[in-house]
Structures are given as structure tokens and as C-alpha cells.
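Dear colleague,

I am passing on the structure below, together with notes on what turned up in it. Please look through the structure before reading the notes that follow.

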Amino acid sequence: MKRKRYLTVVVLFILLAVIFSGCGDTKNTNADPTPKATATPSVATPTAVPATEAPATAAEPTLATTVKYVICDVLNVRAEPVFSGTDNIIGSCVYGELIDVVETGEDYYKILWFEDGYDYAYVNSGVAYTSEEDPDKMESAPLSTADPNGPTTTMWILSVTRLRSEPKFVGTENIICELPAGETIEVLEEASNYYVVKWPEAEGQLAYITNDPTLVSRTDPNLATPASEAPAT
């Protein structure tokens with residue numbers, strides 16, 4: 001009898017264990033079967049700050065220019081193409097220096113001028129002042145064979161002009177003298193860029209002077225119609 005009770009108790013324990021085990025495996029049918037996405041932390045993208053624009057610098061202009069050499073001792077550079085007086089002189093160029101010509105006028109060259117920044121300026125375009133040929137390599141033209149006692153044409157000096165012993169108008173080695181404004185010369189022959197004249201203080205000798213119209217005139221300036229002062233460098 002006791003044995004049967006014992007077996008009965010054991011069977012009950014086994015049944016209870018099975019029942020509780022099933023309860024532990026029961027799934028929650030009310031649970032949301034959709035997996036929840038994991039939240040991605042937001043990352044703030046920095047806004048690009050525009051770079052500060054660099055200040056503009058004065059660049060050398062790209063213009064079509066003609067390079068010329070200064071062939072006089074000093075060539076005044078002016079703020080405007082007026083070659084009388086000194087009020088508009090802003091600088092100067094010296095013998096052998098290069099200038100960049102951007103425009104040619106009736107009696108001036110408009111040049112690039114880089115003193116205190118880029119700008120334009122003006123110089124006298126007379127043949128006595130500039131040349132496209134390096135003055136240190138320029139050769140003297142052949143000496144004239146004109147007859148010193150031949151017929152002459154009287155011309156007037158408009159501004160101080162150098163008389164030379166040979167037709168080379170650069171440097172100072174061949175200068176005979178300087179003729180002041182108002183002086184007259186006796187022209188024997190005219191070449192492409194100079195006049196052959198009588199040497200005023202040497203009988204039978206020839207001399208040479210530039211035929212720059214701003215320096216030498218065929219007309220007596222005292223008889224001409226009053227005009228502005230003759231150009232001077």
C-alpha cells in the first residue's frame with residue numbers, strides 16, 4: 001500500500017515538472033514580430049566656409065608693345081603728351097634704357113610706366129630720343145660727300161639741339177656743340193633721319209644734326225602763327 005502511494009507521488013511530481021516546463025517555453029504571442037531598427041546617431045556635417053578672396057595685385061598688362069631704346073642722355077617721362085614746361089614730368093629714363101611703347105601719336109609715344117604701380121605715361125617721339133636699335137650696337141652712317149660750298153637751305157632751331165661730327169646720334173663722343181633755340185643752320189643735304197649742315201666754326205667742314213621736326217623747322221618760328229611752346233624733353 002505504501003509502495004503505491006509512493007509511486008503516485010512520484011508520478012505527480014513528474015507531471016508537475018512537465019507542466020511547469022511547458023509554461024516556461026510558451027511564447028508571447030502579443031509581441032511585435034518586426035525587429036526594431038537600431039537608431040543611427042546623427043552626425044552634423046560642417047558647413048563649408050568660403051575662402052576669403054585674395055586681394056588683387058597689379059599685374060603687368062598683356063598688351064602689344066614695341067620696345068625702344070632711349071638714345072639721349074635723359075628722356076623726361078610725362079603724365080600727359082604735353083612737352084613744354086616741367087609741371088607734368090613724373091620721371092625720366094636714361095641712355096640705353098628700354099621703354100615699352102603701346103601707342104604712337106603725332107609727336108609722342110604712350111608707354112607703360114611701372115613707377116608706384118602700373119600706369120601709362122608719355123615721352124617725346126623725336127628721332128633724337130629713342131630708337132628700335134640698341135644704341136651701343138648702332139654704327140655711324142657713312143659720312144656725307146656733299147660740297148661744303150654748295151647751295152643751302154636755312155632752317156631754325158626750335159629747342160636746344162646737338163650738332164655732331166658724324167651721323168650717329170647716340171652717346172656724347174661726337175658732339176661738337178649745342179645750338180640754342182632761335183639759332184639758324186645752313187642745310188646742305190637731307191638724309192632719312194638727319195641733316196648735313198655747314199660746320200659753323202670750321203670752314204669747309206660738314207656737321208650733322210637730327211631732322212626731328214620738334215627740334216628743327218624750315219619756317220622761322222618768329223614769323224609763324226603763334227602756337228604753343230615748342231616740345232622739349
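Two strands are said to pair if DSSP finds at least two bridges between them, and the elements themselves are DSSP runs numbered from the N terminus, namely helices (H or I, at least four residues) and strands (E, at least two). Please bear in mind that this is a predicted model, in which local features need pLDDT of at least 70 and side-chain atom pairs count only at pLDDT 80 or more, while totals for chains, interfaces and linings use all residues. Residues are numbered from 1 along each chain as its sequence is written, and side-chain values use heavy atoms, with hydrogens and water left out.

The protein has one helix and 14 strands. If a contact is taken as heavy atoms within 4.5 Å, then 59% of the contacts between residues at least 6 apart in sequence join residues at least 24 apart.

On the strand pairing, strand S1 (residues 66-70) runs antiparallel to strand S4 (residues 98-104), the two being joined by four bridges, and Val67 has Asp100 as its bridge partner in S4. S1 is also joined by two bridges, again in the antiparallel sense, to strand S7 (residues 130-131), where Ser131 is the bridge partner of Tyr69.

Tyr122 lies in strand S6 (residues 119-124) and is buried, with a relative accessible area of 16%. Leaving aside neighbours within four places in sequence, the residues in contact with Tyr122 include Asn76, Arg78, Pro81, Phe83, Tyr108 and Ile111. Val101 is 21 residues from Tyr122 in sequence, and their C-alpha atoms are 9.1 Å apart in space.

Finally, how many disulfides does a search of the whole structure find? The search finds zero, a disulfide being counted as a pair of cysteine sulfur atoms within 2.5 Å. The sulfur of Cys72 has its closest cysteine sulfur in Cys93, and because these lie 8.9 Å apart, they are too far from each other for a bond. Both of these cysteines are buried, Cys72 at 9% relative accessibility and Cys93 with a relative accessible area of 2%.

Note on methods. Buried means under 20% relative accessible area, exposed over 50%, partly exposed in between (1.4 Å probe, protein chains only).
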